[in-house]
Amino acid sequence: MKSTVCLFFLFLFVGSFSSSYAQRLTDWQTENVKGKVKQITSITIPVEAEKQKKQVVHFDECGLFTLKVIYAGPISLDGSSEFNEEKIGELQYFEYQGQQRRGMSLLADGVKASEFVQQWKDETHCTLTYTYRDTPEKSGTLEWLFSNQARLKEIHFILTHTHTGETLFETSSIHEYDAKGYEIQLDQRTLQPYGDSQVIKMVNVAFDAQGNVLQREEYKTNGQLYGKTFFEYVYYE
């Protein structure tokens, strides 16, 4: 789940800056992490796949994304960060201008794959609009809805044909939490071009001293293990 905050002209704009910042969440909040996290490394090990995914997320000191790097490699059953990984790509985030920021995704070889614009309507509603380098006739819109407690409730993605407006692909996900604010269920649905759904239940197994999840197990509704995710955190001093 916002790049470096510009203070512009500190004395003149301190009031407007405060109200503007209050209308959007930090990425610490959207990622549901506790404390001043500098970096999160997560390794997801699926049961029914040959490769695991590793993601390294970097935050600035204001709790805003600066960079996400994604890797894939052979399964390591213990969740070790030391495996024969291959870089898949990265997401770069730029500074906010008011409620809006821009970013782009790069392939492993550094070639730009897409650009996006992230826009906050208020603290509970955020939209990302994507344009793709290799398929300019397509555009994507990702909508995030948050609760008043800054917890992600729903994600809705639509891929459309730029010229005709036709919906080419559409998905949604609904997120549920326990009384302590930890995510415990994910309901994923593909709405178009075909309708299906998958519910994943999450069991948080271990936590660090800050209260962030160190190990999570994911299960299908029939009780079958779907996968495991291991997390490592680096904090600002």
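A: Strands are DSSP runs of at least two residues in state E, and they are numbered from the N terminus. The model is a predicted one. In it, the peptide bond leading from Q192 to P193 is cis, with omega near 5 degrees. This deserves attention because most peptide bonds are trans, and most residues other than glycine have a negative phi.

Two further residues concern phi. N32, although it is not a glycine, has a positive phi of about 60 degrees. N32 belongs to the loop between helix 2 (27-30) and strand 1 (37-46), and it is partly exposed, with a relative accessible area of 32%. A150 is likewise a residue other than glycine with a positive phi, near 65 degrees. The place of A150 is in the loop between strand 8 and strand 9 (152-161). A150 is buried, because its relative accessible area is 15% and the cut-off for that word is under 20%.

Strand 8 covers residues 138-146 and includes S139, which is buried at 18% relative accessible area. Leaving aside residues up to four places away in sequence, S139 touches Y130, Y132, I158, L159, T160 and T162. Y130 and Y132 also belong to one aromatic cluster, together with F59, F65, Y93 and F116. The C-alpha atom of F116 is separated from that of S139 by 9.9 Å, and the two residues are 23 residues apart along the chain.

The structure holds ten aromatic pairs. One of them joins Y93 and F116 in an edge-to-face arrangement, with 5.5 Å centre to centre and 65 degrees between the planes. Y93 lies in strand 4 (residues 86-93) and F116 in strand 6 (residues 112-122), so this pair ties together parts that are 23 residues apart in sequence. Both Y93 and F116 are buried.

Rings also meet charged side chains. K34 lies over the face of Y182, at 5.1 Å from the ring centre, while the charged end of K54 sits over the ring of Y71, 5.5 Å from its centre.

Finally, the cysteines may be considered. C62 is partly exposed at 34% relative accessibility, whereas C126 is buried at 0%. The count of disulfides is zero, where a disulfide would require a pair of cysteine sulfur atoms within 2.5 Å.

Terms used. Residues numbered from 1 in each chain as written. Predicted model: local features only at pLDDT ≥ 70, side-chain atom pairs only at ≥ 80, totals over all residues. Heavy atoms only, no water. Buried < 20%, exposed > 50% of the residue type's maximum accessible area, 1.4 Å probe, protein only. Helix = DSSP H or I, 4+ residues; strand = E, 2+ residues; numbered from the N terminus. Contact = heavy atoms within 4.5 Å. Phe/Tyr/Trp six-rings, centres within 6.5 Å; stacked < 30°, edge-to-face > 60°. Lys NZ or Arg CZ within 6 Å of the ring centre and 35° of its normal.
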